[in-house]
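Colleague: I would like to learn how to read the cores and interfaces of a model like this one. Could we go through them together?

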Amino acid sequence: MSDTIIQTVNLHKQFKDTQVLTGLNLQVKAGQVVGLLGTNGSGKTTLIKCILGLLKATSGTSTVFGQNSWDINAAAKSRLGYVSQDFVLIPWMTVKSITEYTGAFYDQWDQDFVTHLIKEWKLSETQRVGALSVGQRQKLAVIIALGHHPELLVLDEPVASLDPVARRQFLQSLIEFTEEEENTILFSTHITSDLERVASHLAFLDNGKVGYFGELDSLKHQVKRIRITAEQDLPLNLNIPGTLRSQIDGKHALLAVKDFDALTLQTLSNELHATTTVEDLNLEEIFLELSGVSTQADVEVMQ
Amino acid sequence: MAIKATQFEVHPSAGVPIYLQIIGQINAMIAGGHLHAGDMLPSVRQMATELGVNAMTISKAYSKLESDEVVERVRGKGMMVRKSVLSGSTKERMQELKPLMEQAIVHGRQLGLNNEQILAVVNKLFREYKS
Amino acid sequence: MKTQITLYKQILKTYWQRPLILLLTALFLVFYLSLVFGPTGGNVIQVGARPQAPGRIYTALSSNPEKSRHFQTLSDLLKSVDPAEIRSLSLTKMNTNDLLPDLRPFRNLVYLDLSDFELTQANVDQICQLPKLDALVLMDSRLPSGALQRFGEKVSQLEILASALEASPTEIPKMSKVKLLALHLVNASSKVLEYVTQIPQLQQLTLVRSRNYDASHQQASKRQPWQDIDFSAEQIALLRNDSTLKEVYANWFLMKRIRGFDESTLLPVRALPITYSKSKLSAIKTTVFLSAMLFAILALQLWAHFISPAARLVPNYLVPHRRIAVWILSTATLLLCLVLLRYDVGLLPALSIVLLLPAMCCLFAVIQLSKNTYAQWLLPPMVLTFLLFIPLFSETGFKAIASTAIWFLRGNMLELAMTIITIEVLLIAWSLTKLPAITEMANEGFLTTPAFSPWDRERLQQKQWQKPGNPFTWLLDRGISELHYSDRSTWKMVRLWQRGNTFRPIIMLLFLGMICFISLLFQGIISFMKGEVLFTQPPLLLAGGLTSLCSIGAILPAIIWWRRRKSMAVESLRPVNRKTLVKQLYLSLALDHACLVIGLLIIPVLLAKNAAGGIVEILSLLLLIGLATPLWIVGINATVIVFKQAWVIVGSMFVLYTIAGALVITPIIWHYNLQSGDTLSLQYLCVAVFAAIAGAICLNLFMYYAALKREWG
């Protein structure tokens, strides 16, 4: 029975007039690698900051390691690591000194591990932080977050400025991080291919709420695209439960469904005397379908 | 003959879940004779590192294979390919194959192939998967 | 035309949409109104040329009938001080029969004030034998014969009654050494100016009406006797035609009103007033401050305009923006000049004063923007030199250059004013042509390295950090090396947080040392030129050093923690819970004020020497300056860790500084103006001290609780 690491109940956050989070419920258990997906402005960064106590929620509760997010105690803070989107590090220190400075705060700081990562990711120990490029600084921010071997790693757009090589290296280190079965990761990103590699669970943020939360694989099982070719004109209302989007044009139809059920589909195709093809969707296409955006594919169908 | 992790290929951005891709490839290897009974599968860690995917996905694939009785866990060593234990009579097993074949035939028809051409494809595959 | 107007409106909009600019403009208006409605007269300082007393003036009575503690007789004085050390002496006669005491022990006497003593020939001999005597003040109406001549051959600065002068007209042409004459026109005849002009080498003349104008009185007397003089045209002509006379100080009020007297009437001799109002001086100071604020507003806004990408992409960007800036500058300059007219300052001098600071800052800005790194090394010494001219605006500084300054301000040195204005306008125009350089600087990286985004501050900072060899960085590195996790004591944690800042106390000391060195250098040069001894006024030097230490110590923590706030988002997740975090940060901030506290604690010790109220006064001053003031400043600087937006911080700091000034500075000034040791004023002082401390504690508590609520993300 794994513990609940993060839990938010009915979380609201309001900035002046805009409600960014509107009753968000999320539960992350130990060992899960949760990816946060959402359009810009859906509240990913706000959610992460509210969970970590960097922002104060307007209403609702949020707990980390069983503690109230606003008042996380020292022991719990030493078990978590955070890499922020605008990772501002103290610019005048050298790489080595900033790791030592951060290490001085933590009981379980592993300086050898940090040095090993610095070497592996090709950072120079004597260079000033202010003189590093954006990608290098991002790597440094991740190294600093990992240095005390946290149990929970929270990342906000961690790979946005990394080139593909660096990204792969970063993902590799995340995978190594998850080898410890109790380690949990929560990260928000736009890059769906990375999520597909690493994430076990997915949370879709939509209008300040969690639109979907579950295992990535089950999501891939559930959201599918169906092409129907019938012998006669199809009725305009096909009435398949869980349809996200449907385009019906005479004898052809293209549907995106959320709760795919092979049996229902079989019955339907028998009723309509139609042949159906089921398309598997990758995460990016699932994301687009769930956000209600039409893709290139249906343009082709319409021709 | 041991199998290496590098012989697998996963496409994380394909629509098919990664664990299914791995299961499919392992099954194909067994069917194609690249994996024999008694061979060890690469460790979860090696697979994860080499393929660049979450270790949990690999272990999920392995667990499914284990529950399907394709592989079995050997303490201290890892996953070992099983001798294929056949359950049920031949007739039942043939009945299990029928829907898949039906799909293939229907698809062939859609492509406009006649029976001989479809059979040609099947024979070609048989040659590839000598067992 | 219409598009032009809308364009200009748009540009102006960008000015008032920025809260910081609005705040600065509001402050500008507040101070401007104080100039418009402020007092133009009263509260005067004496600028008339009088015999100058080097060093401290020792006063003594001939006898002390009441045995009052404040006054001492000469014999008392001689018990405590070695007469050879006394360079300025003022003797008052108490009884009519007192004779002048023996002056021979005073070997180094330079200045002598013998207000009422009747002098005998023997006294005159004695006085003339004092080897270094140069300034003499005599209020006796009868001098022995030949005394005037002998004094005139001995001293160069003389202050006497007109009747004494007129009593021996034949001796006047023989007063060969007198360069400065302060004449009290008591019982003067109409021919007094004829006599005055006969003094051969006379350069400065001060005409005072009554004899009660006490030369040794350092402060302005509150009741001004009607000091106006009144001369006819022929007498003025006498003064004008005197070949050696340069300046005449008098109260020309009556003559101006009634005779239509004008400064040009006396040219080439300068007609200067005898007093100058302090409010005029403070008006000038306020104007300079306002010009600095004006420059700040324009600089901030122009900077924001020209680093935006629109500066490169939008056609015709430069001209309208520059025009608006020039308009704003011209309008504000005009307003400031007009208001200075109220204070008897001519239009051209006013213009030169208003443009002074903007022109200097433009020069610094141009140097900063230039690509020549050697030019940039010039900058700190230039700034320091400039800062050293600030004491000129103080009272003593002004007195030193009074005649030239007043003449200039009256608008009589037109060529000088025009030259200064031309230089200033050229500097400002030059800097305005450099505006595209800002855009270029922002874009430069972009052209050579495509990955560099010009309006990405991260990239600009990166370039800055790549420049090698900032000499102070090794200091910073030393403080940060070899850090290990240690016990969680509050003290260690506070020190740890502090180490993340770029502030090291040694840098402060180095900076202070630099200031001391440069000011000592200046002092050395001045004293070498004047031939005087160094360290004429050690308390002044010390006070100057302390003031700079304290003012830096007050502002520096705010700047340091302001720069830290960006990384605090991530650092707030270090393993300390919220309460402890805020406590430790607050203590680190407070600890950064250590330099300030040290500086402030010395001040009461210095003031303790003159304390009349005994232990109570010293203690309350100590508490007020040493405890209440730093607590207030810590509370005010805590706004940096409590609030998020810049304008909120700046605004609240101004408000709090005003309150702090009212609570702390006013009691001190008030106490010193009263200058009495009685119990009532002491009680007031104690009450003020407690109020200040209580206010400071409340402020700090409030800030602490507000910091607990702050969202670090």
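Modeller: Gladly, starting with the largest nonpolar core, which has 156 residues; A:Leu47, A:Leu140, B:Ile22, B:Leu41 and C:Trp497 touch the most other members. A nonpolar core here is a set of buried Ala, Val, Leu, Ile, Met, Phe, Trp, Tyr and Cys residues joined through side-chain atoms within 4.5 Å. Buried means under 20% relative accessible area, exposed over 50%, and partly exposed in between, using a 1.4 Å probe and protein chains only.

Colleague: Which helix gives the most to this core?

Modeller: That is helix H30 of chain C, residues 679-708, with 10 residues. Helices (H or I, at least four residues) and strands (E, at least two) are DSSP runs, numbered from the N terminus. Apart from this core lies another one of 66 residues, including C:Ile274, C:Ile353, C:Ala405 and C:Ala417. As a general idea, nonpolar side chains in soluble globular proteins tend to be buried together.

Colleague: Before we go on, what are the ground rules?

Modeller: This is a predicted model, so local features need pLDDT of at least 70 and side-chain atom pairs count only at pLDDT 80 or more, while totals for chains, interfaces and linings use all residues. Residues are numbered from 1 along each chain as its sequence is written, chains are lettered from A and ligands numbered from 1 in the order in which they are written, and side-chain values use heavy atoms, with hydrogens and water left out.

Colleague: What is A:Leu140 in contact with, leaving aside its neighbours within four places in sequence?

Modeller: Contact means heavy atoms within 4.5 Å. With those neighbours set aside, A:Leu140 touches A:Leu89, A:Val95, A:Ile98, A:Thr99, A:Leu123, A:Val129 and A:Leu132.

Colleague: Now a histidine: is C:His321 buried or exposed?

Modeller: C:His321 is buried, because its relative accessible area is 9%. This residue sits in helix H12 of chain C, residues 318-341. Beyond its neighbours within four places in sequence, C:His321 is in contact with C:Ile11, C:Leu302, C:His305 and C:Phe306. Its side chain also reaches the backbone oxygen of C:Tyr317 at 2.9 Å. A polar contact is a pair of N or O atoms within 3.5 Å; within protein, one must be able to donate a hydrogen and the other to accept it, and residues adjacent in sequence count only if both atoms are side-chain atoms.

Colleague: And where is C:Phe289 found?

Modeller: Look in helix H10 of chain C, residues 278-307. C:Phe289 is partly exposed, because its relative accessible area is 36%. The C-alpha atoms of C:Phe289 and C:Phe31 are separated by 9.1 Å, although the two are 258 residues apart along the chain.

Colleague: Let us turn to interfaces. How much area do chain A and chain C bury between them?

Modeller: Buried area is the accessible area (1.4 Å probe) that two parts lose on being put together, summed over both. For chain A and chain C this is about 3600 Å², 61% of it on carbon and sulfur atoms. In chain A, A:Trp92, A:Tyr101 and A:Phe105 lose the most area to chain C, together 22% of what that side buries. The contact joins 40 residues of chain A to 45 residues of chain C.

Colleague: How many salt bridges are there between chain A and chain C?

Modeller: A salt bridge is a side-chain nitrogen of Lys or Arg within 4 Å of a carboxyl oxygen of Asp or Glu. Between chain A and chain C the count is one: C:Glu711 and A:Lys13 meet at 3.2 Å, N to O. The count of residue pairs in polar contact is 12, both residues at pLDDT 80 or more.

Colleague: What does the interface of chain A and chain B look like?

Modeller: There, 20 residues from chain A and 19 residues from chain B take part in the contact. The buried area is about 1700 Å², of which carbon and sulfur atoms give 47%. Three salt bridges cross this interface, and one of them pairs A:Glu215 with B:Lys60 (3.0 Å, N to O).

Colleague: Finally, what is the secondary structure of chain B?

Modeller: Chain B has five helices and two strands, in the pattern α-α-α-β-β-α-α along the sequence. Of its 131 residues, 28% count as buried.
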